[in-house]
Amino acid sequence: MKNSIREKRKQADLSQEALAKACGVSRQTINAIENQKYDPTLSLAFQLARVLQTTVDALFTPEEAADARKK
């Protein structure tokens with residue numbers, strides 16, 4: 001699953017730590033999600049979208065859809 005969390009977080013002028021606190025997770029969790037090493041739970045995905053004032057669909061793209069856009 002590809003995501004645009006890093007970009008949205010920077011647009012919102014939030015650090016990883018601030019986003020993590022707002023979502024009730026560790027900074028390491030945010031880092032792992034941003035680096036495509038961890039897919040968040042549905043609940044966390046909705047929390048991320050709420051804090052970043054966007055939608056889950058805008059934050060996450062399935063791999064096959066992301067690959068298709070590159071072609």
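**First selection: the loop at Asp13**

Select Asp13, which is exposed, with a relative accessible area of 70%; buried means under 20% relative accessible area, exposed over 50%, and partly exposed in between, with a 1.4 Å probe and protein chains only. Asp13 belongs to the loop between α1 and α2. Its phi is positive, near 55°, in a residue other than glycine.

The model is a predicted one, in which local features need pLDDT of at least 70 and side-chain atom pairs count only at pLDDT 80 or more, while totals for chains, interfaces and linings use all residues. Residues are numbered from 1 along each chain as its sequence is written, and side-chain values use heavy atoms, with hydrogens and water left out.

**The whole chain**

Now display the whole chain as a cartoon. Its secondary structure comes to six helices and two strands; helices (H or I, at least four residues) and strands (E, at least two) are DSSP runs, numbered from the N terminus. Read from the N terminus, the elements follow the order β-α-α-α-α-α-β-α. Of the 71 residues, 34% count as buried. Contact means heavy atoms within 4.5 Å. Among contacts between residues at least 6 apart in sequence, 56% join residues at least 24 apart.

**Helix α1 and Lys10**

Select Lys10, in helix α1 (residues 5-11). Is Lys10 buried or exposed? Lys10 is exposed, at a relative accessible area of 56%.

**Helix α2**

Move on to α2 and select Gln16, Leu19, Ala20 and Cys23, which are buried. Viewed down the axis of α2, these buried residues fall within an arc of 100°, so they line one face of the helix; the arc is that of the directions from the helix axis to the C-beta atoms. An α-helix has 3.6 residues a turn, so residues three or four places apart point the same way. The cover over the buried residues of α2 includes α1, α3 and α4. Just after α2, Gly24 has a positive phi of about 75°.

**Where α2 meets α3**

Show α2 (residues 16-23) together with α3: their axes come within 8 Å and cross at roughly 110°. Axes are lines fitted to C-alpha atoms, for helices over the stretch in contact, and angles run from 0 to 180 degrees between N-to-C directions. The two helices, α2 and α3, are therefore roughly perpendicular to each other; angles of 65 to 115 degrees count as roughly perpendicular, under 35 as roughly parallel, over 145 as roughly antiparallel, and the rest as oblique. To see the contact, select Gln16, Glu17, Leu19 and Ala20 of α2 with Arg27, Ile30, Asn31 and Glu34 of α3. These residues divide into three nonpolar, two polar and three charged. In this classification Ala, Val, Leu, Ile, Met, Phe, Trp, Tyr, Cys and Pro count as nonpolar, Asp, Glu, Lys and Arg as charged, and the others, Gly among them, as polar.

**Helix α3 and Glu34**

Keep α3 in view and select Ile30, Ala32, Ile33 and Glu34, which are buried. The buried residues of α3 pack against β1 (2-3), α1, α2 and α4.

Glu34 counts as buried, at 4% relative accessibility. With which side chain does the side chain of Glu34 make a polar contact? The partner is the side chain of Arg6, at 3.4 Å. A polar contact is a pair of N or O atoms within 3.5 Å; within protein, one must be able to donate a hydrogen and the other to accept it, and residues adjacent in sequence count only if both atoms are side-chain atoms. Leaving aside neighbours within four places in sequence, Glu34 is in contact with Asn3, Ile5, Arg6, Arg9 and Gln16.

Select Gln36, in the loop between α3 and α4. Gln36 is not a glycine, yet has a positive phi of about 60°. Gln36 is partly exposed, with a relative accessible area of 37%.

**Helix α4**

Finish at helix α4 (residues 42-51), selecting the buried Leu44, Ala45, Leu48, Ala49 and Val51. Seen down the axis of α4, its buried residues fall within an arc of 170°, so they line one face of the helix. On the other side of α4, Leu42 and Arg50 are exposed. What covers the buried residues of α4 includes α1, α2, α3, α5 (56-59) and β2 (60-61). Just after α4, select Gln53, which takes a positive phi of about 55°.
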